[in-house]
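Below is a short briefing on one protein model. It is meant to be read with the sequence and the structure in view.

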Amino acid sequence: MTQPVLFYGLAIIAAFTVGLSKGGVPMVGVLGVPVLALVISPVAAAALLLPIYIVSDWFGLWAYRKSYDKRNLVILIPAAALGIGVGWAIVAFTSEQPVMTFDLASQGCLPMTRDRLVKILISMVGISYFINALIKRGNVPMKASDVPRGLFWGTLTGFTSFISHSGAPPYQMYTLPQKLPKMVFAGTSTILFAIVNALKLVPYWSLGQFNPGNLRTAALLSPVAMLGAYAGYRTTRIIPEKLFFQIVETALGVVSLKLLVDALWPVAC
């Protein structure tokens, strides 16, 4: 049984990082599930943190109520909702069986599940963008928001957010080339993922991911997340814009690499 002190210590760290991301610090929130997964299963960690995401979303919605790109939200929100619906249907009506298996000899075997395939796809795209931005030293050609790309990346954002809580890389693949102002970029992402998280409540509930125990724990941790959200907002305001986007691009590369490692790491048969 997990020791309460260790669990709550890691849970406080996870909740604070979730709050930081909702305050606008890019990609920090992705650390939440991996940190908690050190002491509980990743599925349980994701279910526990979702209500905390939603509570801290309220701070982000208030803080960025005047800083967002309306056109991007109009395109991305319906697309993300579609992606969540696709993810819900896949989880509800199919079993998580390997679609292929690689023999890794002494390292065991690696079941290539749908979740792993999604992580590989997203990670490779994110790593490619990061390398391209690094080579061009930030001079990535500017692309305006458009419906076809927005629908594709938005759907992928909703789907990956539902399946593996990794919606940020596809979202950033669409928005980073637009070179939005720092606060507009942070506000647009905060508002979009606040809506995405709210939409995930019903399918998570229907799939039995919530129970009185994890909801009570989430309530206890919510003030920590709100504190993190405030700290994240203040940090975002003072970071120079060029440095801000360098952090975003670097974080995209690091998180994409982590997703790839997670997807390819061998597990016992």
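The model is predicted, not experimental.

**Nonpolar cores**
- The largest nonpolar core has 37 residues, and the members that touch the most others are Leu 176, Phe 185, Leu 192 and Phe 244.
- At least two residues of this core come from each of H3, helix H4 (70–93), helix H5 (114–135), helix H6 (147–164), H7, H8, helix H9 (212–238) and H10.
- The most is given by H8, which supplies 9 residues.
- A separate core of 19 residues lies apart from this one, and its members include Ala 15, Val 39, Ala 46 and Tyr 53.
- Leaving out residues up to four places away in sequence, Leu 176 is in contact with Tyr 129, Phe 185, Phe 245, Val 248, Glu 249 and Leu 252.
- In soluble globular proteins, nonpolar side chains tend to be buried together.

**Helix H10**
- Helix H10 runs over residues 241–264, 24 residues in total.
- From first C-alpha to last, H10 reaches 35 Å, close to the 34 Å expected at 1.5 Å a residue.
- Its buried residues are Phe 244, Phe 245, Val 248, Glu 249, Ala 251, Leu 252, Gly 253, Val 255, Ser 256, Leu 259, Leu 260 and Ala 263.
- An α-helix has 3.6 residues a turn, so residues three or four places apart point the same way.

**Salt bridges**
- The model has 2 salt bridges.
- One of them joins Lys 22 to Asp 57, with 3.0 Å between the closest N and O atoms.
- Lys 22 belongs to helix H1 (residues 4–22) and Asp 57 to helix H3 (residues 42–63), so this pair ties together parts that are 35 residues apart in sequence.
- Lys 22 and Asp 57 are both buried.
- Asp 146 and Arg 149 also form a salt bridge through their side chains, at 3.0 Å from N to O.

**Surface patch**
- A nonpolar patch on the surface is made of Trp 88, Leu 201 and Val 202, which together have about 250 Å² of accessible area.
- Leu 201 sits in helix H8.
- With a relative accessible area of 33%, Leu 201 counts as partly exposed.

**Loop residue Lys 179**
- Lys 179 is in the loop that links helix H7 (168–175) and helix H8 (182–206).
- Although Lys 179 is not a glycine, its phi is positive, at about 50°.
- The relative accessibility of Lys 179 is 43%, so this residue is classed as partly exposed.

Definitions and conventions:
Residues are numbered from 1 along each chain as its sequence is written. This is a predicted model: local features need pLDDT of at least 70, side-chain atom pairs count only at pLDDT 80 or more; totals for chains, interfaces and linings use all residues. Side-chain values use heavy atoms; hydrogens and water are left out. Helices (H or I, at least four residues) and strands (E, at least two) are DSSP runs, numbered from the N terminus. Buried means under 20% relative accessible area, exposed over 50%, partly exposed in between (1.4 Å probe, protein chains only). The expected span of a helix is 1.5 Å times one less than its number of residues. A salt bridge is a side-chain nitrogen of Lys or Arg within 4 Å of a carboxyl oxygen of Asp or Glu. A nonpolar core is a set of buried Ala, Val, Leu, Ile, Met, Phe, Trp, Tyr and Cys residues joined through side-chain atoms within 4.5 Å. Contact means heavy atoms within 4.5 Å. Patches are made of residues with over 30% relative accessible area and no salt bridge: like charges are joined within 9 Å, nonpolar side chains (Val, Leu, Ile, Met, Phe, Trp, Tyr) within 5 Å. Accessible areas come from the Shrake-Rupley method with a 1.4 Å probe; for residues, only the protein chains shown count as cover.
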